[in-house]
Amino acid sequence: MYTDQRSPGQPGIRTGASAPAPADPDHPSRALASFAAGLRFEAIPAAVVDRAVNLYVDWLGSALAGKGARPVESIARFARASGGREGPSEILIDRGGAPAYFAAMVNAAASHFVEQDDVHNGSVLHPATVVFPVVLALAQESGASGREMMTAAVAGYEVGIRIGEYMGRSHYKVFHTTGTVGTLAAAAAAGRLLGLDEAGMLHAFGSAGTQASGLWEFLRDAADSKQLHTAMAAANGLMAARLAADGFRGAARILEGAQGMAAGMSSDADPARLLDRLGQRWATMETSFKYHAACRHTHPAADALLAVIAEHGVRVHDIVHVTARVHQGAIDVLGNVRVPHTVHQAKFNMGTVLGIVAHRGYAGVHEFEQGYDAPEIAAFRDKVAMVLDEEVDRAYPARWIGKVSVELADGRILQGRVDEPKGDPGNTLSREEISAKFLRLAAFAGGAQAPQAQAMLDRAWEIAALPNVGSVFAPGRSA
């Protein structure tokens with residue numbers, strides 16, 4: 001584990017093994033810091049550990065699938081030019097070594113590209129893509145065990161999700177929560193693995209929060225910012241924790257202060273969400289897997305459309321019009337993309353996603369590559385409209401209900417509904433489905449050939465039992 005040369009008792013480094021202090025509602029930033037610093041593997045329920053392992057395996061596939069993506073490779077070239085090609089941590093898309101900071105940066109960018117990384121509904125946060133790059137890089141650097149790595153990951157999930165819920169719907173309307181709140185999730189995870197005490201963790205939060213950034217404007221013109229958001233959230237969170245370990249001071253009330261994150265980035269922040277049953281409610285368990293390779297806001301309507309087609313035996317060419325009944329958050333994000341010009345932008349266009357599921361039965365990575373702008377998909381896109389639905393909007397973000405109205409050529413209008421899209425906790429992916437998804441994503445861009453991908457998968461499932469995390473490509477890094 002990371003150690004510091006300062007004398008015991010200096011702020012920042014844990015000097016004892018005491019349990020976290022009771023949550024202080026008057027200083028929620030400190031209460032969260034205390035929880036993250038004091039979390040122990042033994043205190044995490046077995047079901048939560050199992051869920052975290054599932055989420056790790058799921059993330060690893062997405063990270064491999066980012067290989068070759070232009071914006072990811074651009075960030076990787078920057079990292080190589082800045083940090084070199086040697087170091088204890090792995091950059092997964094090229095299997096080379098790097099300092100932990102740069103490995104976390106590239107792996108975070110890579111794992112957010114194909115749009116199959118996890119999401120927590122209530123916070124609208126993608127925790128895996130900012131948490132696992134950090135804990136993997138630091139664990140490889142320090143020789144940490146799988147138990148230590150997974151404890152840190154759970155700390156990152158629990159803190160990040162609560163801050164995302166706290167920041168509210170108004171925050172997500174303008175800010176990409178994974179870029180902003182994700183910086184603090186990464187800092188919590190990094191701080192736990194570095195052994196920060198409560199005071200150090202609080203300083204890490206302050207330094208992370210002041211760097212929090214990420215705006216949705218990039219969707220309008222297919223800019224590459226989404227990968228930059230996760231790259232810098234992971235890297236800045238790691239840096240914030242490292243600085244705190246060296247005595248660098250951060251704002252003590254970065255969340256709730258008069259000029260903190262909520263004051264500047266939200267108009268509906270809910271302080272009660274920050275400490276909601278902290279240590280009893282395990283928000284990690286609430287995290288969803290992404291079944292389709294598209295923005296999660298499209299999934300409820302996609303699954304509802306598939307249900308209509310299956311239930312009524314609808315032929316695609318008989319569909320005249322589809323109305324997707326959605327929450328306001330979907331309109332805010334997806335409404336920015338009218339006619340997609342790239343594969344990635346197509347994943348944020350409701351009509352394109354529904355066209356792909358209608359014609360191909362599934363909107364996976366290969367289905368988008370086969371032609372997001374094929375004539376039949378483009379024609380279907382023009383048949384789709386989004387409208388705000390009061391019931392769906394009231395339920396969001398805690399629940400992402402899918403409702404569609406499908407008008408057929410014979411005049412019939414069929415209604416479709418799903419209350420839990422595929423991948424949600426109540427309709428989750430099995431370990432067999434996660435394994436199949438991993439192998440599909442590993443093969444997608446040549447991140448790993450079939451025999452090695454299977455060996456990587458087997459090792460990943462055992463992550464919590466490994467005495468030393470080591471290489472994900474063990475026994476070697478060669479392709």
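Select Ala-208 to begin. At 0% relative accessibility, this residue counts as buried. Keep in mind that you are looking at a predicted model. Ala-208 sits in helix H8, residues 198-209. Which residues does Ala-208 contact, leaving aside its neighbours within four places in sequence? Show Thr-183, Leu-184, Ala-187 and Ala-240 to see them. Ala-208 and Ala-464 are 256 residues apart in sequence, and their C-alpha atoms are 27 Å apart in space.

**The nonpolar cores**

Next, select Tyr-56, Phe-132, Met-149 and Phe-205. They belong to the largest nonpolar core, which has 122 residues, and they touch the most other members. Pick Phe-132 from this group. Beyond its neighbours within four places in sequence, Phe-132 is in contact with Ala-52, Leu-55, Tyr-56 and Trp-59, among others. The list of contacts of Phe-132 also includes Met-149, Met-150, Ala-153 and Tyr-157. Then show Val-124, Trp-216, Ala-358 and Val-404. These are included in a second, separate core of 45 residues.

**Helix H14**

Select helix H14, residues 350-360. Of its 11 residues, 9 are buried, so H14 is largely enclosed by the rest of the structure. Which residues of H14 are buried? Color Met-350, Gly-351, Thr-352, Val-353 and Leu-354, then Gly-355, Ile-356, Val-357 and Ala-358. Step just past the helix to Gly-361. Its phi is positive, about 85°.

**Helix H18**

Move to helix H18, residues 431-444. It has 14 residues, and at 1.5 Å a residue they should span 20 Å. The end C-alpha atoms of H18 are 20 Å apart, which agrees. Now color the buried residues of H18: Ile-434, Ser-435, Lys-437, Phe-438, Leu-441 and Ala-442. Why are they on the same side of H18? They cover an arc of only 160° around the axis, which puts them there. An α-helix has 3.6 residues a turn, so residues three or four places apart point the same way.

Turn to the other side of H18. There, Glu-432 and Ala-443 are exposed. What covers the buried residues of H18? Show helix H2 (46-65), helix H15 (365-369) and helix H19 (450-461), which are included in the cover.

Zoom in on Ser-435, in helix H18. With a relative accessible area of 15%, Ser-435 is buried. Not counting residues up to four places away in sequence, Ser-435 touches Leu-457 and Trp-461. Finish this stop at Gly-446, which follows H18 and has a positive phi, near 75°.

**Salt bridges**

Side chains of opposite charge can pair when their charged atoms come close. How many salt bridges does a search of the whole structure find? It finds 31.

Select Asp-332 and Lys-173. Their side chains meet in a salt bridge, 3.1 Å from N to O. This pair links distant parts of the chain, 159 residues apart. Asp-332 is in helix H12 (residues 328-334), and Lys-173 is in helix H6 (residues 146-174). Is Asp-332 buried or exposed? It is buried, with a relative accessible area of 18%. Lys-173 counts as partly exposed, at 48% relative accessibility.

Go on to Asp-318 and Arg-315. They form a salt bridge too, with the closest N and O atoms 3.0 Å apart.

Now select Arg-417 and Glu-391. Their side chains meet in a salt bridge of 2.7 Å, N to O. Arg-417 lies in strand E6 (residues 413-418) and Glu-391 in helix H17 (residues 390-395), so the pair ties together parts that are 26 residues apart in sequence. Both partners are partly exposed: Arg-417 has a relative accessible area of 38%, and Glu-391 has 26%.

For a group view, select Glu-165, Arg-273, Asp-276, Arg-277, Arg-281 and Glu-286. Salt bridges that share partners join them into one network.

**The two annotated regions**

Zoom out. Color residues 31-272, which UniProt lists in an unreviewed entry as "domain: MmgE/PrpD N-terminal". Over this stretch, the chain is 64% helix and 2% strand. The end C-alpha atoms of residues 31-272 are 12 Å apart.

Residues 292-462 are 47% helix and 15% strand, and their end C-alpha atoms are 26 Å apart.

Notes:
Residues are numbered from 1 along each chain as its sequence is written. This is a predicted model: local features need pLDDT of at least 70, side-chain atom pairs count only at pLDDT 80 or more; totals for chains, interfaces and linings use all residues. Side-chain values use heavy atoms; hydrogens and water are left out. A nonpolar core is a set of buried Ala, Val, Leu, Ile, Met, Phe, Trp, Tyr and Cys residues joined through side-chain atoms within 4.5 Å. Buried means under 20% relative accessible area, exposed over 50%, partly exposed in between (1.4 Å probe, protein chains only). Contact means heavy atoms within 4.5 Å. A salt bridge is a side-chain nitrogen of Lys or Arg within 4 Å of a carboxyl oxygen of Asp or Glu. Helices (H or I, at least four residues) and strands (E, at least two) are DSSP runs, numbered from the N terminus. The expected span of a helix is 1.5 Å times one less than its number of residues. The arc is that of the directions from the helix axis to the C-beta atoms. UniProt positions are given in the numbering used here, feature names are shortened, and annotations may be inferred rather than shown by experiment.
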